[in-house]
Amino acid sequence: MICFLENLFFQHGYLESVCQSVILKSSLAAITALLMTLMLGKKTIEFLAKFQLKQSVRLEGPVSHLQKSGTPTMGGILILFVVAISTLLWSDLSNYLILACLVMTLAFGFIGFYDDFLKIKFKNSKGISAKLKFGSQSCLSLLAVIILSHFYKGSEFFSIHVPFLSNFTVEIGHFYLIWALLVIVGSSNALNLTDGLDGLAVSQVVIIASALCFLCYLSGDHILSYIYNVPYVATSQELCVFMSAIVGACLGFAWFNSYPAKIFMGDVGSLALGAALGFVALMIKQELLFMIMCLILVAETLSVIIQVVSFKLRKKRVFLMAPLHHHYELKGWSETKVVRVFFGVTLLAVTLCIITTIII
């Protein structure tokens, strides 16, 4: 492993200073985000509690969740604030990829903020209508992708890279806009569905964002991208700073969000972070690999779709309750066991993806 890292980072002497700079900035962004979140976490909890910004729990869920009612929510505001500050401090703000990520993440955060606000105001778990949520998410995603497409040469933006196959891409033309919408909106809502247990969503983000950070590093270097067979995207190494800031902020937030949670991230956090992960995967042309890494998020989403379709067509439920984490709770698993197992599954999926990408 040491030999591999040494070869990966320093085998090209003329790139050494640049690589070290990216690694240094990313490390500083992660440390800054981590320390800021730990320092501001307690004050944020007190502030949210003071203004009665508390979680409403649906009655049809597991009985153990009723005790979560009244826990401060909208903690995602802290995560987004810390990520934005850390990214602004340590990244190159002339990089359009960084600016696009920040704007997209904060815009999705605003949708989540409004959703959380309505839930708190009316003291239920419904929030904004599905039509308004998906409509606003779709419009933002399409706008961002259309703008982003002008920064890519020729038709390369409108192609899908197939992982594990040497330089194999599938060009789908302007259907790529629909594909991109599915990736960003799907990722955003998948993380939102997964955010149902203490520490579950934030632990998933830490693993996936770390993997995307590594892929951003490879794709931003012309030689490394060729050696390890990943699409080359100029200046994408700067996205390592953004991803590292997310990892640091989520690690700090996990201190307060792990069982028993003192604060929830809310939709303002889950919708924004999910969109950020999907958008970065889109930028470095690793959407398919991203979906494999998001095995748990995909399973959570599919469980909801299968449950709804089955009940409408057959009047029967496939799962005891959807999303999937509630199904295992009702089967007798403790909340912490579900989080640990799901964490392990995602860690295994991400590790296999990264190792396979490097070896093949």
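Let's start at a ring: Lys 337 lies over the face of Trp 333, at 4.6 Å from the ring centre. A charge sits over a ring if NZ of Lys or CZ of Arg is within 6 Å of the ring centre and within 35 degrees of the ring normal. There is another example: the charged end of Lys 315 sits over the ring of Phe 311, 5.9 Å from its centre.

A quick word on what you are looking at. This is a predicted model, where local features need pLDDT of at least 70 and side-chain atom pairs count only at pLDDT 80 or more, while totals for chains, interfaces and linings use all residues. Residues are numbered from 1 along each chain as its sequence is written, and side-chain values use heavy atoms, with hydrogens and water left out.

Back to the rings. How many aromatic pairs does the structure hold? There are 3. A pair of aromatic rings is described by the distance of the centres and the angle of the planes. Rings of Phe, Tyr and Trp (its six-membered ring) pair if their centres lie within 6.5 Å; planes under 30 degrees apart count as stacked, over 60 as edge-to-face and the rest as tilted. The ring centres of Tyr 328 and Trp 333 are 4.6 Å apart with the planes at 35 degrees, so this pair is tilted. Tyr 328 also pairs with Phe 342, this time edge-to-face, at 6.2 Å centre to centre and 90 degrees between the planes. Ring pairs link Tyr 328, Trp 333 and Phe 342 into a cluster.

Are these residues buried or exposed? Buried means under 20% relative accessible area, exposed over 50%, and partly exposed in between (1.4 Å probe, protein chains only). Phe 342 is buried at 4%, while Tyr 328 is partly exposed at 23% and Trp 333 is partly exposed at 25%.

Now let's zoom out. The chain has 14 helices and 2 strands; helices (H or I, at least four residues) and strands (E, at least two) are DSSP runs, numbered from the N terminus. Buried residues make up 53% of the 360 residues in the chain.

My next stop is helix H10. Helix H9 (residues 239–257) and helix H10 (residues 266–283) pack at an angle of about 155 degrees, with their axes 12 Å apart. Axes are lines fitted to C-alpha atoms, for helices over the stretch in contact, and angles run from 0 to 180 degrees between N-to-C directions. Angles under 35 degrees count as roughly parallel, over 145 as roughly antiparallel, 65 to 115 as roughly perpendicular and the rest as oblique. H9 and H10 are therefore roughly antiparallel to each other. Contact means heavy atoms within 4.5 Å, and among the residues that meet here are Phe 242 and Ile 246 in H9, with Leu 277 and Val 280 in H10.

H10 has another partner: the axes of helix H3 (residues 76–90) and H10 come within 7 Å and cross at roughly 45 degrees. That makes H3 oblique to H10. The residues that meet include Gly 76 and Leu 80 in H3, and Gly 269 and Ala 272 in H10.

Please find Leu 271 in helix H10 too. Leu 271 is buried, with a relative accessible area of 0%. Leu 271 and Asn 189 are 82 residues apart in sequence and 6.1 Å apart in space, C-alpha to C-alpha. Leaving aside neighbours within four places in sequence, the contacts of Leu 271 include Phe 108, Lys 133 and Asn 192.

Finally, the backbone. Most residues other than glycine have a negative phi, and most peptide bonds are trans. Where are the cis bonds I picked out? One runs from Tyr 259 to Pro 260, with omega near -10 degrees, and Pro 260 is in the loop between H9 and H10. Another runs from Ala 322 to Pro 323, with omega near 5 degrees.

Lys 285 is not a glycine, but has a positive phi of about 60 degrees. Lys 285 lies in the loop between H10 and helix H11 (287–293), and counts as buried at 5% relative accessibility. At 61% relative accessibility, Lys 315 counts as exposed.
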